[in-house]
Amino acid sequence: MKLYDRQGTPNAARVRIVLAAKGLDEVVEIVQVDLVAAEQKQDWFLAMNPIGKTPVLLLDDGLALSESPAITEYLDNLDGNPVLTGRTPREKGLIHMMQRRVEIMLLDPVDDYFHYGTRGLGEALRPWRMPEWDAAEKKAWGERRGALAVANLPYFDGALRERPFLAGDFFSLADISLWAGLVFLTGAGLPIAPELTALAAWKAKVDDLPAVRNRTGQNF
Ligand SMILES: N[C@@H](CCC(=O)N[C@@H](CS)C(=O)NCC(=O)O)C(=O)O
């Protein structure tokens with residue numbers, strides 16, 4: 001298997017935590033994609049993922065999987081012991097719901113903030129996304145999306161006051177996504193309010209898990 005990713009990005013980090021958690025680091029060859037040079041928009045890459053984003057997991061039979069949760073689901077089920085995406089229907093439903101909430105409420109708006117509210121990956125990659133907007137409109141929209149991500153954080157703090165991990169008693173894909181979302185948010189320069197103490201305590205606990213500590217590419 002080959003994993004096309006970019007070290008230092010949140011979705012690469014999500015999959016690298018999964019590789020570490022499942023003991024699959026040695027099984028997967030990692031190929032770095034130069035995002036600033038827009039390799040992810042070149043034909044060879046678009047043939048694997050028409051959306052033009054990393055990560056992509058290319059299987060030995062030629063199937064190209066993209067979307068980090070889909071890659072996670074595949075990797076988690078390879079050994080018949082899906083510890084990150086749920087073993088029972090109830091676990092699967094809950095983990096899927098919470099991880100999707102993290103994407104809608106945190107990862108997606110922070111990504112928009114990063115690309116439009118800050119310099120992001122540079123001007124050259126922005127027109128590909130929203131060619132009709134002028135610079136001021138892009139910046140204002142990016143800033144509104146960043147403010148939305150920050151405003152959504154108390155929801156996750158509240159959830160973590162009720163249970164040790166986001167989808168229950170054990171570490172799952174929902175936690176991996178939330179961890180990556182928080183690192184992305186602070187890395188992009190957005191704040192986490194000090195009163196969100198359950199979120200901060202959970203983050204410190206997850207920082208210390210072996211799969212997070214020992215993942216490859218630790219600069220994210
Ligand atoms: N929903 C996708 C998001 C992928 C994504 O946003 N990837 C970023 C890196 S973290 C990317 O390739 N950005 C380059 C671009 O937008 O051109 C996933 O879950 O993997």
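## A first look around phenylalanine 171

Setting aside neighbours within four places in sequence, phenylalanine 171 is in contact (heavy atoms within 4.5 Å) with Ile17, Val83, Leu84, Phe165, Ile176, Val206, Leu209 and Val212. Phenylalanine 171 itself belongs to the loop between α5 (135-162) and α6. Its relative accessibility is 15%, so phenylalanine 171 counts as buried; buried means under 20% relative accessible area, exposed over 50% and partly exposed in between, with a 1.4 Å probe and protein chains only.

A quick word on what you're looking at: this is a predicted model, where local features need pLDDT of at least 70, side-chain atom pairs count only at pLDDT 80 or more, and totals for chains, interfaces and linings use all residues. Residues are numbered from 1 along each chain as its sequence is written, and side-chain values use heavy atoms, leaving out hydrogens and water.

Now for the whole chain. There are eight helices and four strands, taken as DSSP runs numbered from the N terminus (helices: H or I, at least four residues; strands: E, at least two). Starting from the N terminus, the order is β-α-β-α-β-β-α-α-α-α-α-α. Of the 220 residues, 47% are buried. Among contacts with a separation of 6 or more, 66% join residues 24 or more positions apart. Along the principal axes, the C-alpha atoms fill a box of roughly 50 × 45 × 30 Å.

| Residue | Phi |
|---|---|
| Alanine 38 | about 60° |
| Glutamate 67 | about 75° |

Alanine 38 lies in the loop between β2 (29-32) and α2, while glutamate 67 is in the loop between β4 and α3. Glutamate 67 has a relative accessible area of 47%, so it is partly exposed.

Finally, the peptide bond from threonine 54 to proline 55 is cis, with omega near 5°. You'll find proline 55 in the loop between α2 (43-46) and β3.
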